[in-house]
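Biologist: I would like to learn how to read a few features of a model. Please show me the general idea, then the case at hand.

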Number of protein chains: 6
Amino acid sequence: MILRLDRVQTELPPPSDPDPVGAAAVQELFGGRFGEMSTFMNYTMQSFNFRNKAAARPFYDLIANIAAEEYGHIELVSATINTMLTGATPKSDKPQFKKNALADLAGMPNPQQAIAGGLGCLVQDSNGKPWHGDNVFSSGDLIEDLTHNFFLETGARNNKLKVYEMVDHPAARALTGYLLVRGGVHQVAYARAVELITGADLSKMFPAPRIPTDKIPESKKHMKTGEHLKLYRFSPDDYREIAAVFTGEHPETGEPLEVVDEAPEGFEPNDLPSQPAVFAPDYAPEEIAEIADRLRKDAGL
Amino acid sequence: MILRLDRVQTELPPPSDPDPVGAAAVQELFGGRFGEMSTFMNYTMQSFNFRNKAAARPFYDLIANIAAEEYGHIELVSATINTMLTGATPKSDKPQFKKNALADLAGMPNPQQAIAGGLGCLVQDSNGKPWHGDNVFSSGDLIEDLTHNFFLETGARNNKLKVYEMVDHPAARALTGYLLVRGGVHQVAYARAVELITGADLSKMFPAPRIPTDKIPESKKHMKTGEHLKLYRFSPDDYREIAAVFTGEHPETGEPLEVVDEAPEGFEPNDLPSQPAVFAPDYAPEEIAEIADRLRKDAGL
Amino acid sequence: MILRLDRVQTELPPPSDPDPVGAAAVQELFGGRFGEMSTFMNYTMQSFNFRNKAAARPFYDLIANIAAEEYGHIELVSATINTMLTGATPKSDKPQFKKNALADLAGMPNPQQAIAGGLGCLVQDSNGKPWHGDNVFSSGDLIEDLTHNFFLETGARNNKLKVYEMVDHPAARALTGYLLVRGGVHQVAYARAVELITGADLSKMFPAPRIPTDKIPESKKHMKTGEHLKLYRFSPDDYREIAAVFTGEHPETGEPLEVVDEAPEGFEPNDLPSQPAVFAPDYAPEEIAEIADRLRKDAGL
Amino acid sequence: MILRLDRVQTELPPPSDPDPVGAAAVQELFGGRFGEMSTFMNYTMQSFNFRNKAAARPFYDLIANIAAEEYGHIELVSATINTMLTGATPKSDKPQFKKNALADLAGMPNPQQAIAGGLGCLVQDSNGKPWHGDNVFSSGDLIEDLTHNFFLETGARNNKLKVYEMVDHPAARALTGYLLVRGGVHQVAYARAVELITGADLSKMFPAPRIPTDKIPESKKHMKTGEHLKLYRFSPDDYREIAAVFTGEHPETGEPLEVVDEAPEGFEPNDLPSQPAVFAPDYAPEEIAEIADRLRKDAGL
Amino acid sequence: MILRLDRVQTELPPPSDPDPVGAAAVQELFGGRFGEMSTFMNYTMQSFNFRNKAAARPFYDLIANIAAEEYGHIELVSATINTMLTGATPKSDKPQFKKNALADLAGMPNPQQAIAGGLGCLVQDSNGKPWHGDNVFSSGDLIEDLTHNFFLETGARNNKLKVYEMVDHPAARALTGYLLVRGGVHQVAYARAVELITGADLSKMFPAPRIPTDKIPESKKHMKTGEHLKLYRFSPDDYREIAAVFTGEHPETGEPLEVVDEAPEGFEPNDLPSQPAVFAPDYAPEEIAEIADRLRKDAGL
Amino acid sequence: MILRLDRVQTELPPPSDPDPVGAAAVQELFGGRFGEMSTFMNYTMQSFNFRNKAAARPFYDLIANIAAEEYGHIELVSATINTMLTGATPKSDKPQFKKNALADLAGMPNPQQAIAGGLGCLVQDSNGKPWHGDNVFSSGDLIEDLTHNFFLETGARNNKLKVYEMVDHPAARALTGYLLVRGGVHQVAYARAVELITGADLSKMFPAPRIPTDKIPESKKHMKTGEHLKLYRFSPDDYREIAAVFTGEHPETGEPLEVVDEAPEGFEPNDLPSQPAVFAPDYAPEEIAEIADRLRKDAGL
């Protein structure tokens with residue numbers, strides 16, 4: 001089970017110039033083979049399918065707990081894409097339906113962001129192909145799942161780096177800067193787990209790809225507060241045995257790894273404005289607002 | 001963001017006779033078009049893509065909060081499938097690899113549960129096709145999303161009823177009995193939301209399909225404790241405005257609907273035993289256990 | 001069985017400036033989840049799979065008859081896409097193969113319209129993904145199928161509105177203007193059917209999305225002749241019991257709904273010119289014409 | 001545009017012993033790469049995308065007219081599958097929902113026929129994979145499209161022959177016997193068309209596969225009435241120029257080919273009984289019947 | 001089994017101006033339904049699945065041997081795409097990671113060439129959809145497989161011609177000019193095979209599409225050296241019976257067909273330079289080079 | 001380019017009792033995510049996309065050379081599946097078409113092996129899903145590709161072990177016994193490559209999964225001749241620098257690894273008999289044989 005918090009794990013800038021071309025590329029970080037849907041669902045399924053947890057709880061706790069953090073990552077990528085698309089049609093609470101209201105979006109790489117969505121995030125990659133369940137590897141074999149996860153994080157880091165190089169919208173840069181640091185922590189965690197079981201020193205493979213994270217200003221900012229060293233425990237009471245695995249030094253910096261015994265506080269998400277030309281949240285958002293107001297009052301809220 | 005709890009929302013029986021044929025059918029409730037991956041990801045994406053939350057918060061809170069409960073449903077279906085597959089090869093902590101260890105599974109409807117997984121749940125439907133992202137409808141148009149969600153829950157109820165009729169393993173029956181009640185609550189919630197905005201009286205469409213839920217013994221058990229009336233708030237502090245929408249009477253029973261201002265307590269999940277013939281969690285699980293023990297000690301746990 | 005008529009249901013303008021970018025977007029109305037392939041095949045399959053027609057014939061007739069009209073809609077979308085692509089290479093009956101003849105099409109969103117097709121319509125959506133059979137919902141449960149169909153038409157209306165806003169080619173506007181009106185009739189028909197069985201007043205949900213159809217000039221033109229009120233019977237002798245369901249008033253305008261006891265007359269389709277650079281219908285169309293002439297003469301035509 | 005007739009092109013036997021295993025295999029003839037969805041949609045799209053019809057009308061008419069007949073083939077395959085599944089649960093108009101009502105269907109090759117459908121036909125192949133739009137070849141190049149069509153009919157004949165050998169349910173045998181004859185006519189028609197344009201004598205390739213059709217008793221019955229020689233015109237007034245192409249002798253028998261200037265009369269389809277355990281058409285079909293009766297009376301029918 | 005040679009079958013020009021738009025279109029020749037993956041894998045699978053080779057060896061040898069040549073074609077298309085993408089980011093052996101290094105690639109039709117690949121070829125078509133195994137037709141029926149292969153080569157020729165017209169990069173032109181000639185040989189070979197078994201004179205269908213190959217300068221160059229007439233034997237010792245099928249005259253030119261009893265010599269492939277901004281082959285390629293040098297020395301190479 | 005040899009890399013037993021259930025499971029080793037299509041195409045594409053080979057030739061040679069061996073693996077899996085299906089219908093050179101000839105195959109897990117194929121191998125996995133191109137990882141980043149390849153071989157070993165446990169047909173056992181040994185060599189080779197670049201000691205992760213290969217009798221047989229230690233050079237003249245990487249000791253046995261400077265001799269493949277009931281290679285294979293004989297004579301063979 002989960003409890004949900006209306007918070008996001010890092011701060012994203014408010015909407016600025018819309019960037020539908022970039023927003024289509026950022027979809028790779030959502031629904032690509034190495035996107036956050038893949039990290040989230042791989043670790044989630046591995047934790048669901050874990051057998052004999054009692055006997056291997058430190059590893060179960062590690063996978064289950066990282067899975068919980070990854071939920072926050074699909075949330076962040078989604079928020080970024082929504083931010084980047086905001087303003088592609090007029091922001092307003094009044095009707096904006098008219099000829100050519102979406103003309104500028106006709107040639108954008110992913111027209112379904114506007115046609116199927118309301119200028120929002122789709123469960124697709126940067127080529128507009130849907131994420132699918134065979135992207136999940138959950139073999140039941142602990143060492144193999146951990147090896148996969150290390151590889152998955154490496155591929156994910158590669159894709160984040162490239163999207164960083166490709167898309168310069170402030171929201172995309174804030175996203176990639178942050179995810180590179182947090183994904184890096186997971187990459188380290190899985191390498192540590194493999195090492196502790198097998199003795200293979202995967203820490204020598206860092207950084208992978210071989211660009212040091214601190215060369216990226218948007219990431220360095222988070223490294224200054226130690227975000228690259230901390231594994232947060234995303235649970236009120238459970239998954240305490242992550243501390244048995246997430247030990248030792250960071251392979252890039254040599255600093256000591258650290259378990260933080262609670263979730264980060266997070267940030268209040270931006271409430272993105274209406275885009276009535278695509279009926280988000282309605283043809284005439286102000287009318288929905290009136291209904292909501294009335295209901296709130298009726299309920300004494 | 002989420003916090004994760006190592007609890008499940010209902011109690012499932014421990015493994016009994018394995019049922020790989022049934023386990024393949026139950027996959028429909030996981031990865032089918034109307035499976036729990038679909039309900040979970042539809043509401044999750046709709047909440048991520050919600051624009052102008054401030055103005056329509058009761059509806060945002062409703063969708064976001066139900067999405068949180070649905071996470072627990074993919075967890076339950078997964079636990080059920082794992083339970084049903086347990087024992088299809090010997091349960092043991094010693095190596096069981098040998099010729100014909102999996103011979104009985106060769107003709108089972110979904111051989112990938114054993115080959116790709118460790119006798120576990122896949123992100124697939126009952127025909128072995130992967131769930132995919134175009135199963136998600138997140139148009140940004142609030143009324144349309146809510147209409148979809150009512151329809152989705154109706155299709156989901158249909159599929160749960162049929163799996164109930166098809167699969168008689170105790171874990172499957174416990175699952176479908178529970179999900180029918182909780183999915184019913186969501187069906188009511190979305191119908192209420194549509195009604196409050198448009199005035200259309202969807203409550204007259206209940207039950208849909210038209211079999212009353214209380215004719216199902218495994219569901220009736222949960223109705224006795226009022227589970228069909230309660231919308232739990234799956235958050236420490238957020239989503240309080242669900243109370244503005246989840247009001248009135250249950251369309252099947254006439255009883256008053258009720259918001260419960262916290263998550264249910266849940267149950268400790270069964271720790272399913274090793275299946276070493278499929279390397280879950282290892283060729284020789286006892287060796288993994290020794291390593292884990294040592295790590296725990298080293299960490300002072 | 002069907003009889004086919006070499007007529008189209010509405011008049012489309014002849015080719016003007018080619019618009020490959022728009023033609024790629026219009027594919028959503030053909031092969032998208034809510035495109036005309038989906039409406040056509042959903043109702044067709046539901047009618048094929050209908051059990052005990054005798055006992056529920058008004059509803060069978062409704063679904064089967066609307067399915068017949070939808071065939072004309074896939075025809076119209078296809079004609080529109082072909083029209084929009086005409087002229088992207090020279091129109092001629094002589095060979096036009098040469099270097100760079102298709103250079104302008106290299107960056108168009110759907111290159112397969114030119115490579116796999118002859119500047120024609122593909123069975124794909126606006127992201128170039130093929131339509132697939134799991135877009136069809138045919139549960140056998142009458143109320144559920146009807147509920148689905150109402151939802152499907154709502155999603156289809158959403159997509160038509162957005163394509164209207166996105167694509168300004170005269171053929172696309174003629175298409176969307178017409179389909180919005182006729183799809184609206186189907187939306188009403190299914191809402192009526194649900195209402196007559198369950199009592200739920202879905203008419204209160206109109207218009208959905210909430211923009212009135214008569215605000216769209218290209219649609220208003222068809223409303224003036226009452227096209228928004230009429231359900232045509234697309235059969236020489238069958239499906240007469242649609243009259244038992246398609247009754248009452250139009251939920252947007254209050255005017256009485258009307259069954260027309262025959263198919264509309266339709267219009268002669270435009271015969272679109274050759275595009276020999278893509279071998280449509282040949283490298284040297286004039287040579288095909290000569291052969292055809294000879295065959296016609298031999299056959300005494 | 002089409003007109004639809006509530007008739008089927010050949011007589012199918014009424015339901016007898018249910019055969020879910022066979023019904024899953026027959027799906028290949030519906031949604032396989034060479035199934036009737038493919039023949040129907042290939043010719044339909046080729047006719048929609050045909051450029052410069054005036055200059056090549058005999059060929060346009062041929063493709064468009066065969067497309068119309070193919071609609072009747074998807075109808076027949078669907079009717080066959082429904083027939084074969086009838087009786088897999090009790091036929092009744094009263095509720096039949098109960099534990100284990102579908103237990104016998106749990107291990108059947110395509111559980112979605114019962115879970116997603118109401119013991120009906122899906123838009124899938126014999127492996128449960130959905131038919132998809134990239135099965136359509138519509139290049140715009142007339143000779144190439146015709147060559148494809150000849151090949152497609154050859155593959156379709158192969159698959160029908162194998163399903164004939166594999167499935168012995170009376171409905172399946174009636175289906176394959178009939179389709180082999182009518183598909184054979186289309187195979188001849190496309191071979192003729194290629195020959196008339198290019199001079200290549202494809203008639204020498206018959207039969208393909210090389211088993212003579214008259215060795216199949218269920219087909220021979222239709223050959224006795226000349227069904228293997230006739231190309232029906234499925235239109236009140238159009239497609240008359242098929243007579244310019246469908247000429248000469250049948251390549252297997254040497255008999256003269258014949259254009260029939262109207263559609264065949266067809267047969268009244270069987271009205272298949274309710275299967276209430278899968279809610280087809282309802283949990284309690286008799287209640288739907290009552291509503292329908294009332295509506296009919298209200299409408300004066 | 002195969003032996004691999006580090007040679008390519010034709011000479012491609014070195015990288016010049018990068019052309020990501022063209023490179024996305026050329027993907028159709030790699031992973032499209034009629035791309036080289038399809039020709040390669042169709043003939044490969046048909047040769048693997050061939051039954052009773054002894055009795056039909058000339059045909060087995062033909063298919064198996066052409067399959068071997070097709071491997072060289074996927075290699076050439078891949079090399080072309082890599083060539084066309086070279087220079088889209090700076091060529092260097094030093095790190096080039098920086099903001100906006102990939103900005104020019106954000107709007108390119110296939111962003112995954114840069115994100116998932118290292119400016120390389122993907123196993124996808126021109127719409128970014130992955131090639132899939134159901135593109136393979138391997139029925140086991142020899143005549144049918146050969147008929148398919150003739151059709152497949154016809155479709156492949158169509159697509160090559162269109163890509164020739166669409167993409168003017170020198171590498172693409174060299175590729176299409178060459179493949180048109182060699183694919184033409186295979187088209188002739190399969191037509192011959194069908195003719196020899198059935199007597200149907202498919203040679204009358206050439207050229208298909210009906211543009212003579214010698215009208216294409218880049219192809220004519222290869223025809224001057226007789227490349228359109230020769231079937232090379234791609235094996236040290238096997239597949240000698242191709243000589244029993246590849247006989248007679250070329251249907252376009254009337255010149256005698258010729259079996260060459262060895263593979264062509266081929267050309268040394270271009271070694272394409274590093275693109276460090278996409279980490280190909282590394283973030284800092286010079287460091288990899290140093291390691292490689294050391295290893296070579298250690299091994300005495 | 002390649003040269004093809006009509007040889008297979010290991011000896012498979014001749015057909016014995018047919019095993020369609022097992023043959024469907026073995027498809028996982030062909031077209032599953034970790035099947036031989038994946039290993040073959042991953043390494044092939046990585047070698048095609050390799051940039052700056054000169055500077056990193058030992059690694060290029062390694063990947064390119066292993067890719068060449070993998071071709072022999074798809075060939076072996078295919079031969080195995082064909083062997084296992086032989087005899088499912090009568091072996092004969094005379095027509096065997098008749099009612100119920102395929103009745104025993106109706107319920108087999110992959111009916112398309114008989115319907116789409118001629119009792120042959122499909123490009124599908126054990127659930128009947130087609131292999132697709134997004135199974136290929138070719139990032140251009142050398143270390144990442146090598147890491148992936150190590151992981152891929154680990155997953156492949158897992159699947160081979162499970163199929164070994166699941167399917168007891170002699171051909172399947174011969175196949176898995178052999179592939180486990182040769183795949184193991186590739187797993188070692190990629191681990192070595194990673195180690196040589198990064199210093200990470202992946203050899204400590206062997207065996208993975210953790211069952212020693214020599215516990216499998218069918219594998220041990222090949223280990224006795226040292227097949228687990230040898231990397232063959234599959235090229236007349238190229239890929240010589242594999243010797244710079246494939247060095248050191250085998251991580252399981254400690255024996256020295258060895259480069260063999262030529263391809264293995266291989267074995268003459270079994271020529272599998274006709275299955276005329278599925279038209280493989282014909283309805284009446286003896287007639288094909290006569291034609292082939294005549295052609296051979298005409299060609300002086």
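This is a predicted model: local features need pLDDT of at least 70, side-chain atom pairs count only at pLDDT 80 or more; totals for chains, interfaces and linings use all residues.

Biologist: Where in chain D does Pro281(D) sit?

Modeller: Start with the general idea: most residues other than glycine have a negative phi, and most peptide bonds are trans. Pro281(D) sits in the loop between strand S3 (258-260) and helix H8 (285-298) of chain D. Helices (H or I, at least four residues) and strands (E, at least two) are DSSP runs, numbered from the N terminus. The bond from Ala280(D) to Pro281(D) is cis, with omega near 5°. Chain F has a cis bond joining Ala280(F) and Pro281(F), with omega about 5°.

Biologist: Is Tyr239(B) buried or exposed?

Modeller: Tyr239(B) is buried, at 3% relative accessibility. Buried means under 20% relative accessible area, exposed over 50%, partly exposed in between (1.4 Å probe, protein chains only). Its phi is positive, near 65°. Leu119(F) also has a positive phi, about 55°. Leu119(F) is buried at 0%, in the loop between helix H4 (112-115) and helix H5 (142-166) of chain F.

Biologist: How many residues of H2(B) are buried?

Modeller: 13 of the 13 are buried, so H2(B) is largely enclosed by the rest of the structure.

Biologist: What is the area buried between chain D and chain C?

Modeller: The size of an interface is often given as the accessible area lost when the parts come together. Here that area is about 8,000 Å², with 58% from carbon and sulfur atoms. Buried area uses a 1.4 Å probe and is summed over both parts. Met1(D), Arg4(D) and Arg51(D) lose the most area in chain D, together 15% of what that side buries. The contact (heavy atoms within 4.5 Å) takes 93 residues from chain D and 94 from chain C.

Biologist: How many salt bridges does the rule find across that interface?

Modeller: A salt bridge puts a side-chain nitrogen of Lys or Arg within 4 Å of a carboxyl oxygen of Asp or Glu. The rule finds four between chain D and chain C. Arg57(D) and Asp6(C) form a salt bridge at 3.6 Å, N to O.

Methods:
Residues are numbered from 1 along each chain as its sequence is written. Chains are lettered from A and ligands numbered from 1 in the order in which they are written. Side-chain values use heavy atoms; hydrogens and water are left out. Buried area is the accessible area (1.4 Å probe) that two parts lose on being put together, summed over both.
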